[in-house]
Amino acid sequence: MTAQSRWPLLVVLAATVVAAVNFLWQLGASSLFVDEVYSWAAAAVPRGDLLDHVRNVEITPPVYYAALHEWIGPLGFDSEAELRFPSAVCAIVLVPVLYDLGRRVSGEAAGAVAAVLVAVSPLVLDYAQEVRAYAPAMLLCALAAVCAARAVEGGAHRGRWAVAAGAAVALGLSVHYTTILVTAPVLALVLLTRSISTRARIAAGGVAGLTALVLAPLVIDQLGSGNQGGIEEFSRLTERNLLSILGTPWDSRMADPMAYHVIAAAITAAAIAWLLVRGSRIGRAVALGAALPLVAVFVATLVADDAIISRYTAASAPFALVAVAAAATSFTGMRRTVAVAAVLALALWGTWRGHDPDARFLDARAATEAIASDWREGDVVVTPAHDVTVDLPVRHYAGTVLPPDAFVVPGDDLDGLRTAVDHGARLWIVGRSSRDSTSGLADVGYDTETVETYRGLIPITLSLGTPAPGDARR
């Protein structure tokens, strides 16, 4: 192997190491946020009840939760870092897979750049450190495209690669419904390539189609139950949200400057358009896979519910990164260097912001541990009214660090609050601000003090309410 042929492999190896450090660093630093608590809850139910739970609560297929059930049940991995570890591994494996896809789309240089970009993608970092199905979904989409590319290129095993592509499409659909928008173009390419045997094409299409038919009743039930609700606040058709989905691979939890989103959206859209026009057959299929989810969420917002949020386009991020890498490496000389450096700098900025302590989820773990350190029999924990984002994580951690009989009451449970006040219970109040959390307690003879304020994407305040001195209930 010559030095010239060895350099892409060295870049991929280095990118994989960078990805491992990036995705595993601070893996358990953040408390579980509300969606992760939903994942834990789905996976923690008895195996026989899992499908019904997913049908009634989630808007995703059951396969991820079934795998997570085995991870946290028989294997016993249930700390924050352990729960997120499978997602991190999927994101790390995505690096060499995307190199293979990139080089088949537009050459060795494009593959190497795609591998580096996915290793430092802000969006991939977010989902590599979440107990959700998005990182496995991204990996399966990329694997489907690699298998499809190998089948279309020819060779003695093209039929097997075609079937493998269909299986990856089916498995991706079983993990997250949005993957079908990403993988449909590469599956269609396999089905339309006549040099692949008819038997192999029927098998590839059959396994994907059968999976879709099996899952159809489930998704209809989930949509009918309104399980997709709860994201309206974050998915409205705003300028920032639209830019976020256009620049999906660069999006992150942090509220980055508008200029960052404009640049990211412009680069991604231009790269996808370039690959659609100038790419090979597999390149155009990849570009379509990157574009279709963007179009779908926009149309869904116009005709149905708000859906402008990058979680619905996350599975397309690897395809978009391949498009960016292909476009950047299409230049020659100094222009190529500048283009690659520019997209890499954009990704590094977003990733640096993603590791900021303020990018962590609300610190329900620290708040409940503080409560546990001074817990007295009869104490009551009060969570915000109508705020599941705070309520569910606090309840989750209360169930792990507080006594089994600990009473957790939401702020809108007036009967529960009245009972606690009538008994003179100390109230541990968790909310988004001290003022919101403790308003009205003075009217019922309670003094309140702020115990701690916790930083994060959603800062929360822990306050303690006690009957005022001289109050008959004290």
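Here are some questions and answers about the structure above.

Reader: Before we start, what kind of model is this, and how are residues numbered?

Author: It's a predicted model, where local features need pLDDT of at least 70, side-chain atom pairs count only at pLDDT 80 or more, and totals for chains, interfaces and linings use all residues. Side-chain values use heavy atoms, with hydrogens and water left out, and residues are numbered from 1 along each chain as its sequence is written.

Reader: How many helices and strands are in the protein chain?

Author: Both kinds of element are DSSP runs, numbered from the N terminus: helices are H or I with at least four residues, strands are E with at least two. The count for the protein chain is 20 helices and 5 strands.

Reader: Among contacts between residues at least 6 apart in sequence, what percentage join residues at least 24 apart?

Author: A contact here means heavy atoms within 4.5 Å. Of the contacts in the protein chain between residues at least 6 apart, the share joining residues at least 24 apart is 74%.

Reader: How many disulfides does a search of the whole structure find?

Author: A disulfide would be a pair of cysteine sulfur atoms within 2.5 Å. Cys-90 is in none, as its nearest cysteine sulfur, that of Cys-141, is 12 Å away. Cys-147 is in none either, and its nearest cysteine sulfur, also that of Cys-141, is 12 Å away. The number found in the whole structure is 0.

Reader: Is Cys-147 buried or exposed?

Author: Buried means under 20% relative accessible area, exposed over 50%, and partly exposed in between (1.4 Å probe, protein chains only). Cys-147 has a relative accessible area of 10%, so it counts as buried.

Reader: Which loop does His-386 lie in?

Author: Most residues other than glycine have a negative phi. His-386 has a positive one, near 55 degrees, and is exposed, with a relative accessible area of 72%. Its place is the loop between strand 1 (380-383) and helix 18 (388-401).

Reader: And Gln-26, what is its phi?

Author: Gln-26 sits in the loop between helix 1 (3-24) and helix 2 (34-44). At 26% relative accessibility, Gln-26 is partly exposed. It isn't a glycine, yet its phi is positive, at about 60 degrees.

Reader: Which residues does Arg-353 touch, not counting those up to four places away in sequence?

Author: Arg-353 lies in helix 16 (residues 333-354). With 17% relative accessibility, it counts as buried. Its partners are Met-254, Ala-255, Asp-256 and Ala-359.

Reader: Which residues is Ile-371 in contact with, leaving aside neighbours within four places in sequence?

Author: Ile-371 belongs to helix 17 (residues 364-373) and is buried, with a relative accessible area of 0%. Its C-alpha atom is separated by 9.2 Å from that of Leu-464, which is 93 residues apart along the chain. The contacts of Ile-371 are Val-381, Leu-402, Trp-428, Val-430 and Leu-462.
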